[in-house]
Amino acid sequence: MAPEENPGTELLLQSFERRFLAARALRSFPWQVGGGACWSPGADGSLEAKLRDSSDSELLQDILQKHEAVHTEPLDELYEALAETLTAKESTQGHRSYLLPSGDSVTLSESTAIISHGTTGLVTWDAALYLAEWAIENPAAFTHRTVLELGSGAGLTGLAICKMCRPRAYIFSDCHSRVLEQLRGNVLLNGLSLEAEITANLDSPRVTVAQLDWDVATVHQLSAFQPDVVIAADVLYCPEAIVSLVGVLRRLAACREHQRAPEVYVAFTVRNPETCQLFTTELGRAGIRWEVEPRHDQKLFPYEEHLEMAMLNLTL
């Protein structure tokens, strides 16, 4: 009979797996107890000790024994291989995978640099992960509805919603040509079809990747999207972007004078309280009411534990 799984070990290995697949920084891995690790180990909290535990799988025991057979420190070669993989700089692009509760995953081609091609939109930011978690916990907000995402970036949030929340249609949008190119690639990479390549698969949403410059988008252009829900994540990075965002939200409100305005959710990492204050001030000037969405319970994706996340529900 196989030994019973240790819940602490299972959580530890899940945490390790998620960080490895998402190519997170090595310092965020649960090597030892403490530092915000999300599991409760025994007296010795190291990963190596947990893998040695007699209650853990024979496969992991075998891995350790093979490492020791070549007279090296246990797991040193694994650590080195992980370091080489996660810090490799041969390419400006890499792939990250984010596991979903369904057993499926979202795999993205992303830039290896925070800023490249003059934009920060080629990487996944933490608020996109936070918003995706909220969406998975609240699928009814998106099911059988048309969703417009502003500033989609690498596409993590939208792809998670398309795979987990069954929207009728999903519109990814951004203004940067390189971001749009990467977005189209990531949509196809995850087995979805773009609207121009519609198939007979009725289970998949209609997916569009649209170029949308907030400063020049007209009411007529926005009306064509006919969104039921509008979302955005980590787009409050400077005063100019905030003013542009509020401007496009005002025009979205004007699209449906005789119909119900779309629901709007904006998620962000609270880095600078003054920036957040500017956003709510500009919303007030535009006559857009807002309320703070309660923090959700899901913790599916690896992002920095110490960051303060927030999400506003706007009424246009």
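Visitor: Is the crossing of H9 and H10 right-handed or left-handed?
Guide: In this predicted model, helix H9 covers residues 239-254 and helix H10 covers residues 273-285. Their axes lie 10 Å apart. The handedness of the crossing of H9 and H10 is right-handed.

Visitor: At what angle do H9 and H10 pack?
Guide: Two packed helices are described by the angle between their axes together with the distance between those axes. H9 and H10 are roughly parallel to each other because their angle falls under the cut-off of 35 degrees. The angle at which H9 and H10 pack is about 30°.

Visitor: How many nonpolar residues has the contact of H9 with H10?
Guide: On the H9 side, the contact is made by Pro239, Ile242, Val243, Leu245, Val246 and Leu249. H10 contributes Thr275, Leu278, Phe279, Glu282 and Leu283. By class, one residue of this contact is polar and one is charged, and the number of nonpolar residues is nine.

Visitor: Are H5 and H6 roughly parallel or roughly antiparallel to each other?
Guide: The axes of H5 and helix H6 (residues 156-164) come within 8 Å. They cross at roughly 15°, and this crossing is right-handed. Since angles under 35 degrees count as roughly parallel, the relation of H5 to H6 is roughly parallel.

Visitor: How many charged residues has the contact of H5 with H6?
Guide: From H5, the contact is made by Ala128, Leu129, Leu131, Ala132, Ala135 and Ile136. From H6 come Leu156, Thr157, Ala160, Ile161 and Met164. The classes are ten nonpolar and one polar, and the count of charged residues is none: no charged residues.

Visitor: How many residues has the second, separate core?
Guide: Apart from the largest nonpolar core of 43 residues, there is a second, separate core. Its members include Ala210, Ala232, Val266 and Cys276. The size of this second core is 29 residues.

Visitor: How far apart in space are Trp134 and His296, C-alpha to C-alpha?
Guide: Trp134 is found in helix H5 and counts as buried, because its relative accessibility is 4%. Leaving aside neighbours within four places in sequence, Trp134 is in contact with Ala141, Phe142, Tyr265, Glu293, His296 and Met311. Trp134 and His296 are 162 residues apart in sequence, while their C-alpha separation in space is 6.0 Å.

Visitor: Does Thr143 count as buried, partly exposed or exposed?
Guide: Thr143 is placed in the loop between H5 and strand S3 (146-150). Leaving aside neighbours within four places in sequence, Thr143 is in contact with Cys165 and Arg166. Its relative accessibility is 25%, so Thr143 counts as partly exposed.

Visitor: Is Ser109 buried or exposed?
Guide: Ser109 lies in strand S2 (residues 105-111). Not counting residues up to four places away in sequence, Ser109 touches Gln93, Gly94, His95, Gln182, Asn186 and Leu189. Its relative accessibility is 16%, and the cut-off for a buried residue is under 20%, so Ser109 counts as buried.

Visitor: What is the phi of Gln226?
Guide: Most residues other than glycine have a negative phi. Gln226 is found in the loop between helix H8 (219-223) and strand S6 (229-233), and this residue is exposed, with a relative accessible area of 54%. Although Gln226 is not a glycine, its phi is positive, at about 50°.

Visitor: Is Asp234 buried or exposed?
Guide: Asp234 is placed in the loop between S6 and H9. Its phi is near 50°, a positive value in a residue other than glycine. With a relative accessible area of 13%, Asp234 is buried.

Visitor: What percentage of the residues of the protein count as buried?
Guide: The secondary structure of the protein comes to ten helices and nine strands. Among contacts with a separation of 6 or more, 68% are accounted for by residues 24 or more positions apart. Of the 316 residues of the protein, the share that counts as buried is 45%.

How values were computed. Residues numbered from 1 in each chain as written. Predicted model: local features only at pLDDT ≥ 70, side-chain atom pairs only at ≥ 80, totals over all residues. Heavy atoms only, no water. Axes fitted to C-alpha atoms, helices over the stretch in contact; angles between N-to-C directions. Helix = DSSP H or I, 4+ residues; strand = E, 2+ residues; numbered from the N terminus. Parallel < 35°, antiparallel > 145°, perpendicular 65-115°, else oblique. Left-handed = near helix turned anticlockwise from the far one by under 90°. Contact = heavy atoms within 4.5 Å. Nonpolar A, V, L, I, M, F, W, Y, C, P; charged D, E, K, R; others polar. Core = buried A, V, L, I, M, F, W, Y, C linked by side-chain atoms within 4.5 Å. Buried < 20%, exposed > 50% of the residue type's maximum accessible area, 1.4 Å probe, protein only.
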